[in-house]
Amino acid sequence: MKRLLLVFCACVAVLAASALPPFSFQRVSSLPGSGYARYPVRDIALLYTGASWHPKWTPDQAETYLAHEVDGKKQWLFDGILMLEYCNSATHQFIPMQDDRIPATREEWEEWINDLFTEGRGLCGVDQAITNLKKEIGDPGFRHKVSIALFYPYAKDGKTTWGTLNGKKMNFTKYADQLAVCEWMLDQLLTKWEQAGFKNLDLHSFYWMYEKATDEPLPQAMAKAVKAKGYDFIWCPWYKAEGYNDWKQMGFNVAYLQPNYFFHPTMAKSRLTEACQLAKQYGMALEVEVDKRILPTNEDYSQYKDRFKAYLDVYKQQGVLSSCPLMWYTGEKLLLLWAQNPGKVNDANFDLLARTIIERRQNSALNSRLGL
């Protein structure tokens, strides 16, 4: 994915016919500006989990993303949580990203689903963290909304190594098998969610993990499947990814556009303004992007600190902070690293992020616009 500076491999061609007619993008560039998206979750934190180098999201780890002390008072942060993963290990991945990795197997998909609902970590860790924080700082006045990633089943070199479903060996050059596995994952997650009985979390949506959309019917079909279960379907394409401006036609409830500005030191700040304008034109939301390159242990941290601040400055200037839902990409565990390494630079950056989220929660105009 672009924000991780990895190169996607080509998506396999869809060969099999299906109940749905072949999907064809309907270009919408002629539509008048529709304004930034309206969506009833203000600020979504991306929590990667599954790979050995990603957090397990124990209650202590999750608390760092749920509350922060500002001006001597500990206050609630994100109102939305997105649980996702792009790879299982250095050799296996859940979506097409690096050519030297192979697609994960059914066993690995099941391991990720099970870990998400294992006591003491994943969503269980997040739920327990909220319970702990309620005792410490009081009720947040809202229930945390959860989104869970749906993976993208794909073949490599025309071969599928995922395994069998209902006694049939899956072949991901066939659309029908891709759809069957996506629907299976959706059902598995919903069953686990019902069994978990979380006290503080509401399942709000499912997230399409693949950050571009090729001319195929799979996202459209999964949009119908997710909505039929009563949930929203959301997406976060990279900057001008294939199909980004056709998100409505594909059935997503909301799409968050990635500016991809933070990662490229030579990219002009005008990219952020352009991203805001595109999002407004196509009725999209936006993403804030920052990762561990902002830490003072990085010799180039100063320029990345400025690039992070530029998101907030431009978003304020363009009216994004006061009117638009946001996703927050913070790398693998940036907030944990800030908390574990206190100091002038880290504290200031953590406070800047926290103040922005707190001020957005207290913005009555934003809450009214988003229906909160």
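Predicted model: local features only at pLDDT ≥ 70, side-chain atom pairs only at ≥ 80, totals over all residues.

Residues are numbered from 1 along each chain as its sequence is written, and side-chain values use heavy atoms, with hydrogens and water left out.

## The core

Let's start inside. A nonpolar core here is a set of buried Ala, Val, Leu, Ile, Met, Phe, Trp, Tyr and Cys residues joined through side-chain atoms within 4.5 Å. Buried stands for under 20% relative accessible area, exposed for over 50%, and partly exposed for what lies in between, with a 1.4 Å probe and protein chains only. The largest such core holds 133 residues, and those with the most contacts inside it are Ile148, Phe206 and Trp208. Helix α4 (residues 175-196) gives the most to this core, namely 10 residues. As background, nonpolar side chains in soluble globular proteins tend to be buried together.

Contact means heavy atoms within 4.5 Å. Setting aside residues up to four places away in sequence, isoleucine 148 touches Leu82, Met83, Trp112, Leu116, Phe117, Leu123, Leu189, Trp193, Leu203, Ser205, Phe206 and Tyr207.

Serine 147 belongs to strand β7 (residues 144-150). Helices (H or I, at least four residues) and strands (E, at least two) are DSSP runs, numbered from the N terminus. Serine 147 counts as buried because its relative accessibility is 3%. Beyond its neighbours within four places in sequence, serine 147 is in contact with Ile81, Leu82, Met83, Ser205, Phe206, Tyr207 and Ile234.

## Covered strands and a helix

Strand β4 (residues 80-84) is mostly covered, with 5 of its 5 residues buried. Gly80, Leu82 and Leu84 point one way from β4, Ile81 and Met83 point the other way, and all are buried. In a regular strand, the side chains alternate between the two faces of the sheet.

What does β4 pair with? Two strands pair if DSSP finds at least two bridges between them. Strand β1 (residues 43-48) and β4 pair in the parallel sense over 5 bridges, and alanine 45 stands opposite isoleucine 81 in β4. β4 and β7 also run parallel, joined by 4 bridges, with lysine 145 in β7 as the bridge partner of glycine 80.

Strand β13 (residues 285-289) is likewise mostly covered, as 5 of its 5 residues are buried. One side carries Ala285, Glu287 and Glu289 and the other Leu286 and Val288, and all are buried. Strand β12 (residues 254-257) runs parallel to β13, with 2 bridges joining them. Tyrosine 256 stands opposite alanine 285 in β13.

Among the helices, α1 (residues 59-66) is mostly covered: 6 of its 8 residues are buried. These are Pro59, Ala62, Glu63, Thr64, Tyr65 and Leu66.

## Cavities

On a 1 Å grid over the protein atoms alone, a cavity is a set of points where a 1.4 Å probe fits but cannot get out, and lining residues have an atom within 4 Å of a point. Grid points are joined across faces, edges and corners, and a volume is the space filled by probe spheres set on the points. By this rule there are 3 cavities of 30 Å³ or more.

| Cavity | Volume |
|---|---|
| Largest cavity | about 70 Å³ |
| Second largest cavity | about 50 Å³ |

Lining the largest cavity are Thr49, Gly50, Lys56, Trp112, Asp115, Leu116, Arg121 and Gly122. Helix α2 (residues 106-116) supplies the largest share of this lining, 3 residues. For the lining classes, Ala, Val, Leu, Ile, Met, Phe, Trp, Tyr, Cys and Pro count as nonpolar, Asp, Glu, Lys and Arg as charged, and the others, Gly among them, as polar. The lining of the largest cavity divides into 2 nonpolar, 3 polar and 3 charged residues. The lining of the second largest cavity has 9 nonpolar, 2 polar and no charged residues, including Phe94, Trp109, Tyr152 and Phe172.

## Two loop residues

Finally, aspartate 71 has a positive phi of about 55° although it is not a glycine. Aspartate 71 sits in the loop between β2 (67-70) and β3 (73-76) and counts as exposed, at 63% relative accessibility. Asparagine 166, also not a glycine, has a positive phi of about 55°. Its loop lies between β8 (164-165) and β9 (168-169), and asparagine 166 is exposed, with a relative accessible area of 77%.

Key:
1 Å grid on protein atoms, 1.4 Å probe; cavity = no way out; pocket = protein on both sides within 12 Å on 5 of 7 lines; lining within 4 Å.
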